[in-house]
Amino acid sequence: MRIVYRVLLLILAALGLILAVVLYYTVNPKLPDYVPVEQVHYQDQWSAADRQTYYFTPQGTQVKGLHYDWFTALELPFSEQRFATPAYLARFGFLVDPKQVPTAQNPGNLPVGFARHKNADSNVEYLDITCAACHTGELHYKGQALRIDGGSAQHVLPSSVPTLRGGSFGQALVASLAATYYNPWKFERFARQVLGDRYDAEHSQLRQDFKRSFDKFLQVAWNDTHRGLYPTEEGPGRTDAFGRIANASFGDAITPDNYRVANAPVDYPQLWDIWTFDWVQWNGSAQQPMARNIGEALGVGATLTFFDDAGQPLQGDARYPSSVRVRDLNLIEETLQRLKPPTWPEELFGAIDKPLAAQGRALFAENCAGCHVPGVSQEGGRPVQHLKMLPVDYIGTDPNTASNIADQRYDLSALQWDPVELTRLNVQLHPAPTEPLDLKKMSVAKGLAYVTAFVEDHAYRAAGVTPTERPRLDGYGLPIGVRELRAYKARPLAGVWATPPFLHNGSVPTIYQLLSPQDERSVTFYKGTFNYDPRHLGFETDAFKNAFLFDTKITGNHNSGHEFRAGERGNGVIGRGLLPQERWALLEYLKVLGGPLEQQLP
């Protein structure tokens, strides 16, 4: 009996030690140091007014019901330092300017993409993380920063799952929420900061409201952890967008049976010229701008209600209330139509070798233009670029993203959709189905298309959008188009030098490596820095304090495909082997492609 008792004590001690270690790294995340740059340089990609509109226009996300003033008043777990100070949030990869100060659009002096909004039925200002947080980039070189508007973010945003590394914004935010709720001295300071002269009257209500939001964070963290939904760690600059949207919309909101493993993280793509693309998303699965933006807002935390208070599915015009802000989404979309690609800054990154770039231009025409220079037509009042879709079997890159979207199925029968009613929605499936839709086996793309159609209709009515206005807000009168291709799109390459890392999953750190055979690419490399390598066109990959180790051997992270090497075309081989001097020439040309310097080449 004594032996059993000792074994139990050892087990409890081991569990206690493990819990202590997890808690330590939860409240003390291993983050890179914040090294402020001397100056942030902004290009003329658009006007300063457009930039501020893009950075701080809300889209309707609510981050588990977290209030804006709560977020700005939170402290770190073991100090009185504010969680939302620019210097601390910058350690997660969010973008700040050392010279920034509070403004009317950004009263909390928060990073790019941290906005706020009020719903029509409330005076509460919710924290609203908008698309700019994920689609704005920055490159650092010799103490200077180049802001890339519409570029690829490198923050560590989504996960709230406790890990020993603990470098996620979500995990650190949960730690500060927990410390605030359970530490009475912290909550006292927090309450006085938030409530001011309403402290006596509203203290108790604040604690109840705060706990409701905190519980939502805990529920997601527990759910993601014990179900193992995200086995491929996303790290800086990536998220499994479709997987997270599906798990939130179909798993959290409908039935746990709909949870699916999401092991296909993708980079945040650049946004310039996206308004001209015939199809968007990495796998070319979406068509309508408003539907794409509503889906993005739902993925980041906009509220969505499927059932009434009695648990019955909403019907008719009651489907589906949400917090998405369609007029603001349209404002963001129209602002992005004025966004230009970045241009190579010779004063920061060095002068262009024009004779070498001219050699690269010929090599580009020979080896790259067939995929990356799309046909253009005029349709619906806009230039439309018809992007080439490359089957996974041909391009050879990691298949998880395309395969999960094409293969995974969800049971949406609890929503009690009428198949006849679905045909009246503004949704077009490509190809048109030859058999009735099975609501028990819906793909993520089809399911989200129909959900988005209902959400869009409801939001338009709530916002007073007239039938005359609707085609413009939809985006060129386009329907909610859906495709499920096992393929990835080849987009135009203007400004591509400013969008590292490369491939849809960010598995290749530089363009030089992308032009090289797979066996010359890094099997592992470090991420989490903004330090730019203007020679190889990518981020630096050497180890640094608390860097994220990217391992291309992990599923979802493979760096295969898009190879220029000897061999039969297909299965990852897309062109002949390129000599090193040819790769350097191509890199030099890609610096100027689509910009004013291209016109100066001999």
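In which strand does Arg147 lie? In this predicted model, Arg147 belongs to strand S5, which covers residues 144-149.

Strand S5 is part of an open sheet of 3 strands, arranged in the order S1-S5-S4 with mixed pairing. The edges of the sheet are formed by strand S1 (39-41) and strand S4 (136-141), each of which pairs on one side only. On average, neighbouring strands of this sheet are turned by 30° against each other, with direction ignored. Strands S1 and S5 follow the parallel sense, over 3 bridges. Within this pairing, His41 has Leu146 of S5 as its bridge partner.

Back to Arg147 itself: is this residue buried or exposed? Its relative accessible area is 2%, and because buried means under 20%, Arg147 counts as buried. Its contacts include Val40 and His41, as well as Thr136, Gly137 and Glu138.

In general, most residues other than glycine have a negative phi, and most peptide bonds are trans. Tyr476, not a glycine, has a phi of about 60° and sits in the loop between helix H18 (470-474) and strand S14 (480-483). With 23% relative accessibility, Tyr476 is partly exposed. His562, also not a glycine, has a positive phi of about 50°; this residue is found in the loop that runs between strand S19 (548-551) and strand S20 (563-564). His562 has a relative accessible area of 13%, so this residue is buried.

Where can cis peptide bonds be found? One joins Arg319 and Tyr320, with omega at about -20°. Tyr320 is located in the loop between helix H9 (289-300) and helix H10 (326-336). Another cis bond leads from Pro500 to Pro501, with omega near -10°. Pro501 lies in the loop between strand S15 (487-490) and helix H19 (511-514).

How values were computed: Residues are numbered from 1 along each chain as its sequence is written. This is a predicted model: local features need pLDDT of at least 70, side-chain atom pairs count only at pLDDT 80 or more; totals for chains, interfaces and linings use all residues. Side-chain values use heavy atoms; hydrogens and water are left out. Helices (H or I, at least four residues) and strands (E, at least two) are DSSP runs, numbered from the N terminus. Buried means under 20% relative accessible area, exposed over 50%, partly exposed in between (1.4 Å probe, protein chains only). Contact means heavy atoms within 4.5 Å. Two strands pair if DSSP finds at least two bridges between them. Axes are lines fitted to C-alpha atoms, for helices over the stretch in contact, and angles run from 0 to 180 degrees between N-to-C directions. Lists of a residue's contacts leave out its neighbours within four places in sequence.
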